[in-house]
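Visitor: Could you take me through one part of this model in detail, together with what packs around it? I would like the conventions spelled out as they come up.

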Amino acid sequence: MAATSDDGVTLQVDARRVFRKRIAGALAPIAILVFSAISASAQTASDFANANPLFQGILARPSDLNNTLQYAASASAGNIESAIGAYEQLLFYNPTLSRVRFELGVLYYRLGSYDMARGYFQSALQMRDISTELRQRAEDLLTIIDKKLQPDQFSGFAQTGLRYQTNAGAGPGPQGVLASGRTFDSRFFSQGDWNWFGAFGLNYVHDFEDQNGDTFEASALGYDAQQFKLHQFDIGLLEFRAGPRFGIPSDSVNGLSIKPYVVATGAVLADAPYYDGIGGGLTVHANVGNVALDPYVEVVQQSFHNSTFYPLAAGLSGTLSTYALQGSGPVASGMAWQSRVAFAHASDNFGPYSYDVYAVDVWLPWNFSFPGDGRIWTLTPTAGLSSWLYNAPDPTIDPAITPRSTEWRVGIGLDIPVWKQITLGTLLQYRADVSNVAAFSMHDLSVSAGPTFKF
Amino acid sequence: MLIGTALIAAPATAQQVGTATAVNPLSETTPPGAATVALTVGARIVHKERIHTTPTGTVQLAFLDKSTLSIAPNTSILIDDYVYDPNSSTGHLLVSLTEGALRFVGGELSHQGQASIATPAAAIGIRGGTVTITHDKNGTHVINHFGVITIHNGGGTVVISRPGFEVTIMNWNTPPGQPERITAAEITHYLELLTSKRGQNGGVPGLKTIAIGACGILGLQSTNCPNTPWIATDNGESDAFQLIIQATQLGTGQTQHAMTPRQRPIR
């Protein structure tokens, strides 16, 4: 839709057309993740075929401003460079429009051309017509860009909060296990409890500044939760990962790189050493169309330690091998998708504890702002499904049945901006395990909230 | 042989390869075999056309393959060669830059690695890609914004494969320098140089405001949102809870008399 006023021309994007284009653009990437065989480059070729009437309009009638804007907006969904050309055309017609400079900044940002993106965002901030929302978003992106252009990049978060769970230990309901006719430890039955939790993450990237884009990456993740009543479930977890990432120049795949890494994990449970693991993996990163793909293989030697509460834990020791594909991409205005499909095999010292697990999880983070306030809120619905297939019956549970469990989980998180880099994170989650063994069936509803500091 | 539809339809002397989509005066054009005239918005750009800008002139050209060329003041270029088959998206593009500065934003031909820009100091092959190129008495300067840029001359070959890096080439017989990071000041300079100045309108007056819709602002829509790289979607809670699930399954199987009250943790 376009409107013309006496003192000039006001242009507006046809939102429905753009939305349809965006949805079409999003479907191809999702298909890639699922089928791993469809190239997203087809999206570009089909969407922007040479008979594109909007582009033909640019060649025939370049002064048709509405046509140029519609082309720029539609090209943004899949042909970034062509969109850049069209927005730069509009900038020639009026170099003082902050909105056009901002769009160009985002397009260059999406190309990974952070210097150009920074230049356009900085120039947008100098324009008189810039709105509060646009200023906030430009400043947010400039903060990210400044970090990306440093040879040594640090990022991370720290979080704390309170959580209530209807089933803090993920235990079975007493009725189910009583019906099975067996005797179990009732302290592990389903019980509600509160906990305090704290978490932090620290990521470091060193850019070697070579033409391949080689880097060294390291990360640390820590989590601790202290129960109010059920202290057998007090847990602390610490994980380190590190490895070099080697860029692979490629004509057909953008941003291709490979990264071998080591991983070390330790955990305490009920104030006693419970678990440590050490291993390594190999991950590849590739951008295919608008989709970022990160498949990985990881093998970890796990050691579980017997303790007062968990005298059988050592039987879980063994090797855990994981094969997974992570992907992410845009869906629509402000909404993205992230997904992980994984298969893992645990070969444990005590044979019945060995298992295979298939899992799939999807996150749909949606960033939005309220008019007049450019700060970003994030609403993230999540859903996941896992299928656990144990190798043999567990004699302590039921010597006659090989456990098979299906876990499904849904949740919704809301990240609310509070002040500068501090947000209030809230999360509502429901998990349910349905098993052919009553002791493995459970369900849990949890709600948590607390401040998060991100940098 | 690749022949574009426009090439089939038009006489050889007037083969349109693109359009002047923005023109600030004074910018001049010299079509092959014709006199030099002022360039205007909407003018058809043809094979072997020369374009020259004065100290106030800037131009943007859009080519059939959707690539664009922004031309700075005091710049002279020649559309040396342009062949494009829209059905197969193949062909090649060669532009000669005699002096001045330009920014090339890639289209179908550069995606095939079939776009080149020649200066007196180097031949610059573009795959991708988006690039700013200048040439003056100090030589040629190439800035990669996106794609893989191959710089070749009598002294050797250098490839820039990362955005934000630049190479300087003194002359045809001197080997190209090694890629170095571009400075923010240089980017700002070229962004200002390669578009209209305040008060100019590229030959199309009247554009006062523009409503695109911000990415993620309630009630509005935009397709142009920053990429969302993979981020960790939990804070360790998921891994911790998985350990608890396993531990509970073990614990459930233990008999109640296996533990004494003394064994419970003390808080």
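Guide: Helix α6(A) has 14 residues and reaches 20 Å from its first C-alpha to its last, close to the 20 Å expected at 1.5 Å a residue, where the expected span is 1.5 Å times one less than the number of residues. Helices here are DSSP runs of H or I with at least four residues, strands are runs of E with at least two, and both are numbered from the N terminus. The model is a predicted one, in which local features need pLDDT of at least 70 and side-chain atom pairs count only at pLDDT 80 or more, whereas totals for chains, interfaces and linings use all residues. Residues are numbered from 1 along each chain as its sequence is written, while chains are lettered from A and ligands numbered from 1 in the order in which they are written.

In chain A as a whole, buried residues make up 40% of the 455 residues.

On one side of the sequence comes helix α5 (residues 80-93) of chain A, which packs with α6 (residues 98-111) of chain A at an angle of about 160 degrees, the axes being 10 Å apart. Axes are lines fitted to C-alpha atoms, for helices over the stretch in contact, and angles run from 0 to 180 degrees between N-to-C directions. The two helices α5(A) and α6(A) are therefore roughly antiparallel, a term for angles over 145 degrees, with under 35 counting as roughly parallel, 65 to 115 as roughly perpendicular and the rest as oblique. The contact draws on residues of α5(A) including A:I80, A:I84 and A:L91, and on residues of α6(A) including A:V100, A:L104 and A:R110, two residues being in contact if their C-beta atoms, placed from the backbone, lie within 7 Å. By class, the contact of α5(A) with α6(A) comprises 10 nonpolar, no polar and 4 charged residues; Ala, Val, Leu, Ile, Met, Phe, Trp, Tyr, Cys and Pro count as nonpolar, Asp, Glu, Lys and Arg as charged, and the others, Gly among them, as polar.

After α6(A) comes A:G112, whose phi is positive, near 85 degrees. Helix α7 (residues 114-125) of chain A then packs with α6(A) at about 165 degrees, with axes 8 Å apart, and α6(A) and α7(A) are therefore roughly antiparallel to each other. Among the residues in this contact are A:F102, A:G105 and A:Y109 of α6(A) together with A:M116, A:Y120 and A:A124 of α7(A), and the contact of α6(A) with α7(A) divides into 10 nonpolar, 3 polar and 1 charged residues.

In α7(A), the 12 residues should span 16 Å at 1.5 Å a residue, and the end C-alpha atoms are 16 Å apart, which agrees. Because 10 of the 12 residues of α7(A) are buried, this helix is largely enclosed by the rest of the structure; the buried ones include A:D115, A:R118 and A:F121. What covers the buried residues of α7(A) includes α6 and α8 (132-148) of chain A, together with β12 (139-153) and α3 (184-193) of chain B.

Methods
A residue is buried if 20 or more other C-beta atoms lie within 10 Å of its own, exposed if 12 or fewer, and partly exposed in between; C-beta atoms are placed from the backbone.
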